[in-house]
Amino acid sequence: MTDPRFVMCMKWGSKYGPEYVNRLYGMVSRHLKGAFRFVCFTDDVSGVRPEVECFPLPELQLQAAKFDGGWRKLNSYQRDLYGLQGQALFLDLDVVVVDDITPFFEEPGEFLIIKDWKRPWRVTGNSSVYRFRLGAHVDMLEHFVAHQAEVRRKHRNEQEFLSHYLHAQGKLQYWPKAWCASFKYHCLPRWPVSFWKEASIPEGCRIAVFHGEVNPPDAIAGRRNRFGRGMVPARWVAEHWTE
């Protein structure tokens, strides 16, 4: 029997509205062949389309310091995550799917993540797109819970911690380089060309990752959140980032 396939995301607070979840589902449904379940862990289900299975944000008893941001993703490695079993592809809310993502479930490996673009010599991956088997890495979560203060001293974020932990076990692998492109580094032309030349989709790209100063709505509007930098509206983002 084929493993169930899950596509997962998390939404909390007010930074991202339900439209991010709804559009992510729309993009996945257009670019993933075969059956899948789309799951969102969230503290607010209002406005989320009915095709999305919503569950409360998984929580752990953590130390007083609030482990928000990417650290919350570690909760997805619980032994029993609402009874879900199978392969899970986790996507950040602010990615844009531009081509077939079926190969993300076919690529061999225990844990696959994006190779760091800016410092490719580092072990650390980018956790905007990663795949794992549900319940398979409980030891990583247990280590984090037992050594929270030490982990925070050594690692500045969750993706650095999990990359080093799984690399030490020989379980960390990276997606083929072309599959996940950084909008900032690979799609957007260099300054000052960005003032008049539109961002493009690199050859072989399946998912465009937005991190730093530009989110999908900014790219659509031609808006950069950095003084003295400019860009023209990216029409392809508007075409793909839809329900």
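Good morning, everyone. Let me start with the overall picture: of the 243 residues in this protein, 53% are buried, where buried means under 20% relative accessible area, exposed means over 50%, and partly exposed lies in between, with a 1.4 Å probe and protein chains only. Please keep in mind that this is a predicted model, in which local features need pLDDT of at least 70 and side-chain atom pairs count only at pLDDT 80 or more, while totals for chains, interfaces and linings use all residues. Residues are numbered from 1 along each chain as its sequence is written, and side-chain values use heavy atoms, with hydrogens and water left out.

The protein has eight helices and ten strands; these are DSSP runs numbered from the N terminus, with helices being H or I of at least four residues and strands being E of at least two. The C-alpha trace spans about 50 × 40 × 35 Å along its principal axes. For 243 residues, a compact globule would have a radius of gyration near 18 Å, and the protein agrees, with 18 Å. That radius is taken over C-alpha atoms, and the globule rule is 2.2 Å times the number of residues to the power 0.38. Among contacts with a separation of 6 or more, 74% join residues 24 or more positions apart; contact here means heavy atoms within 4.5 Å.

Now to H5 itself. Eight of the eleven residues of H5 are buried, so this helix is mostly covered. The buried ones are Glu158, Gln159, Glu160, Phe161, Leu162, Ser163, Tyr165 and Leu166. What covers these buried residues of H5? The cover includes strand S6 (111–115), strand S7 (125–133), H3, helix H4 (148–154) and strand S8 (172–174). After H5 comes Gly170, with a positive phi near 75°.

Let me stay with one of those partners, H3. As a reminder, two packed helices are described by the angle between their axes and the distance between the axes. Helix H3 (residues 138–146) and helix H5 (residues 158–168) pack at about 125°, and their axes are 11 Å apart. The axes are lines fitted to C-alpha atoms, for helices over the stretch in contact, and angles run from 0 to 180 degrees between N-to-C directions. H3 and H5 are therefore oblique to each other, since angles under 35 degrees count as roughly parallel, over 145 as roughly antiparallel, 65 to 115 as roughly perpendicular, and the rest as oblique. Which residues make the contact? From H3 we have Asp139, Met140, His143 and Phe144, and from H5 we have Phe161, Leu162, Tyr165 and Leu166. By class, the contact of H3 with H5 has six nonpolar residues, one polar and one charged. In this scheme Ala, Val, Leu, Ile, Met, Phe, Trp, Tyr, Cys and Pro are nonpolar, Asp, Glu, Lys and Arg are charged, and the others, Gly among them, are polar.

Asn157 sits in the loop between H4 and H5 and is buried, at 18% relative accessible area. Thr124 is in the loop between S6 and S7. Is Thr124 buried or exposed? Thr124 is buried, with a relative accessible area of 3%. Setting aside neighbours within four places in sequence, Thr124 contacts Asp116, Gln159, Glu160, Ser163 and His164. Its C-alpha atom is 8.2 Å from that of Leu162, 38 residues apart along the chain.

Elsewhere, Thr42 belongs to strand S2 (residues 37–42) and counts as buried at 5% relative accessibility. Thr42 touches Lys11, Cys54, Phe55, Pro56 and Leu57, not counting residues up to four places away in sequence.

Most residues other than glycine have a negative phi, and most peptide bonds are trans. Tyr82 is not a glycine, yet has a positive phi of about 55°. Tyr82 lies in the loop between strand S3 (53–56) and strand S4 (87–91), and at 38% relative accessibility counts as partly exposed. The peptide bond from Trp191 to Pro192 is cis, with omega near 5°, and Pro192 is in the loop between H6 and S10. Phe195 is also found in the loop between helix H6 (183–187) and strand S10 (207–209), and is partly exposed at 42%. Phe195 and Val232 are 37 residues apart in sequence, and 6.2 Å apart in space, C-alpha to C-alpha.
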